[in-house]
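Q: I would like to learn how to read salt bridges in a model. Could you walk me through them, one pair at a time?

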Amino acid sequence: MGSCNEENLPAVGEVEQPFKIFVGYDVREDLAYEVCRHSILKRSSIPVEIIPIKQADLRTNGVYWRERGQLESTEFSFSRFLTPYLANYEGWAMFVDCDFLYLADIKELRDLIDNKFAVMCVHHDYTPKETTKMDGAVQTVYPRKNWSSMVLYNCGHPKNKLLTPETVNTQTGAFLHRFQWLEDDEIGSVPFVWNFLEGHNKSVEGDLTTLPKAIHYTRGGPWFEAWKNCEFADLWLKEMEEYQKEAVKKSAE
């Protein structure tokens, strides 16, 4: 599937810039954010910089001011689209929801980057069966649902310069979540295993192309009491234990 164009790679002797990963942050899901971050760093063979998108900080800095709508299930429902702005409209950066668990090296995903696209993501065809999600938030159904939950952004692409704070604060959910600032052929595709929807996508025995590389607990993850027994809960809980042990060790140093 596409390959990382040569201009994305550092020249000989040049220090490789960290790959910027912006993670949606919600105060109710701090643990999910920490486990997601831990799972990326632990497996990454390239330098990465992980930056939480915290709504409170964006408001303090005057970058985000829109009122929270009734259908916004997380604090980053709209602030996620500030990713190109927060990356100074330079290079490639990634946005991902905090309810992800990475099982593979992020380099594999970065190497799929193709400069001809403005964004790249998994093109899910997904209609949730549940009417509520996570902690009782309303489950909305719309075209291209979950496409915006993990996106590789070509931040320097002219079209992405339309994603200014003004646009992100005033445009509709449909405009933003359906990538309506782009033409269809500007939205590159990534294999579904990089945004493997728990409870929806299936791994086929013997077919390595269906093995999840990043699990997305989109209905709710084990950090919520109601989802303690969801599919792949054991993997997330194991990662959480590892993260907590390391955090205790660091605080003792």
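A: Gladly! Let us begin with Lys 238, which is exposed at 53% relative accessibility (exposed is over 50% relative accessible area, buried under 20%, partly exposed in between, with a 1.4 Å probe and protein chains only). This is a predicted model, where local features need pLDDT of at least 70, side-chain atom pairs count only at pLDDT 80 or more, and totals for chains, interfaces and linings use all residues. Residues are numbered from 1 along each chain as its sequence is written, and side-chain values use heavy atoms, with hydrogens and water left out.

Q: Which side chain does Lys 238 meet in a salt bridge at 3.9 Å, N to O?

A: Side chains of opposite charge can pair when their charged atoms come close. A salt bridge needs a side-chain nitrogen of Lys or Arg within 4 Å of a carboxyl oxygen of Asp or Glu. Here the partner is Glu 242, which is partly exposed at 24%. Both sit in helix α7 (residues 233–252), 4 residues apart, so about one helical turn separates them. Helices are DSSP runs of H or I with at least four residues, strands are E runs of at least two, and numbering starts from the N terminus.

Q: Which residues are linked with Lys 238 and Glu 242 in a network of salt bridges?

A: Lys 42, Arg 43 and Glu 239 join them in that network.

Q: Where do Asp 184 and Arg 144 lie in the chain?

A: Their side chains form a salt bridge at 2.8 Å, N to O. This pair links distant parts of the chain, 40 residues apart: Asp 184 is in the loop between α6 (173–177) and β9 (187–189), and Arg 144 in the loop between β7 (137–138) and β8 (150–154).
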